[in-house]
Amino acid sequence: MSQILSIARPDSVRSVRLDTGRGTFAALTAAPPAPRATALLVPGFNGSKEDFLPLLPGLAEAGYRVVAIDQRGQYETGPASEDPSYTPEELASDVIALAGVLGGPVHLVGHSYGGLVSRLAVLNSASARAIWASLTLLNFGPAAVSEPTRERLRLLLDALRTTPVPELWPFLRPEEGGVSEDVLAFLSDRWARNAPEALRLAAERMITEPDRTEALRDSGIPLSVVFGTPEETWPEREAAAMARKLDAHYTEIAGGGHSPNVYEPEAVIGALTSFWNA
């Protein structure tokens, strides 16, 4: 589960809905008066745009228009359109459509499962260099998740076959004292709004995802890997090796864990802006 410490929204951050040819997507955005470029932030499994709240003001202050979304099947986006499909390939097409609405080329950032979707968005773009200014993979590895994480996802898949999503919350609820009551209420509500099919397809893909490093390296766009540690979902050594194979800029953020955007936001802001500025 993505991690959040606060849901307080800075004054500089606005809630918007983005209309595309593939549906309407909930988003949070922040921007300076004259942005130098646009960045699109894609959350991970059971995540939402609120995962990026600690980053948005700082990235805007650095000169960037930033847009964080709820993916199709997540929180306030919901199904986005009639007869939705939640396969990673369809979610990647959503990301491509959003880039078209925002105007490109766009800096793309994908966190965890959002990294898997963002990588597909780059690989499936007809002209990646015309759409994407860069891609940053945030706590995402080259292929399937670690075996301990695969086992947890298998347990979730078994539970989803017989139990409605809201009824699983007691088994996922953070330990007492870890977060405030308002954050717990938000997390419970967000979890309940997940489309079951979106959860199922995401879990299955994270268990089976192949290594697409070579194809991504050939995309021709600038690449970056930002990785918080300690991390269990993808081992750090795998992410570092992926970055070397991609010839990508690599930043390890000690103490960031799986969500450095939450626990070490200033370090993530520094890593992103130094990469984008270059």
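Because the model is predicted, local features require pLDDT of at least 70 and side-chain atom pairs count only at pLDDT 80 or more, whereas totals for chains, interfaces and linings use all residues. Residues are numbered from 1 along each chain as its sequence is written, and side-chain values use heavy atoms, with hydrogens and water left out.

The protein chain contains twelve helices and eight strands, assigned as DSSP runs (helices, H or I, at least four residues; strands, E, at least two) and numbered from the N terminus. Its radius of gyration, taken over C-alpha atoms, is 17 Å, close to the 19 Å that the globule rule gives for 278 residues, so the chain is as compact as a globular protein of that length. The globule rule is 2.2 Å times the number of residues to the power 0.38. Along the principal axes, the C-alpha atoms fill a box of roughly 50 × 40 × 40 Å.

Of the 278 residues, 57% are buried (under 20% relative accessible area; exposed is over 50% and partly exposed in between, with a 1.4 Å probe and protein chains only). Contacts are defined by heavy atoms within 4.5 Å; among those with a separation of 6 or more, 76% join residues 24 or more positions apart.

The largest nonpolar core comprises 60 residues, of which Leu40, Leu108 and Trp132 touch the most other members. Such a core is a set of buried Ala, Val, Leu, Ile, Met, Phe, Trp, Tyr and Cys residues joined through side-chain atoms within 4.5 Å. A second, separate core has 25 residues, including Leu55, Leu59, Leu138 and Val268. Beyond its neighbours within four places in sequence, Leu108 is in contact with Leu40, Val42, Val95, Ser118, Ala121, Val122, Trp132, Ser134, Leu135 and Thr136.

Helix H3 (residues 113-123) has ten of its eleven residues buried, so the helix is largely enclosed by the rest of the structure.

Alanine 31 lies in the loop between strand S2 (23-30) and strand S3 (37-42) and counts as partly exposed, at 46% relative accessibility. Residues up to four places away in sequence not counted, alanine 31 touches Ala60, Tyr64 and Arg65. The C-alpha atoms of alanine 31 and serine 12 are separated by 7.8 Å, although these residues are 19 residues apart along the chain.
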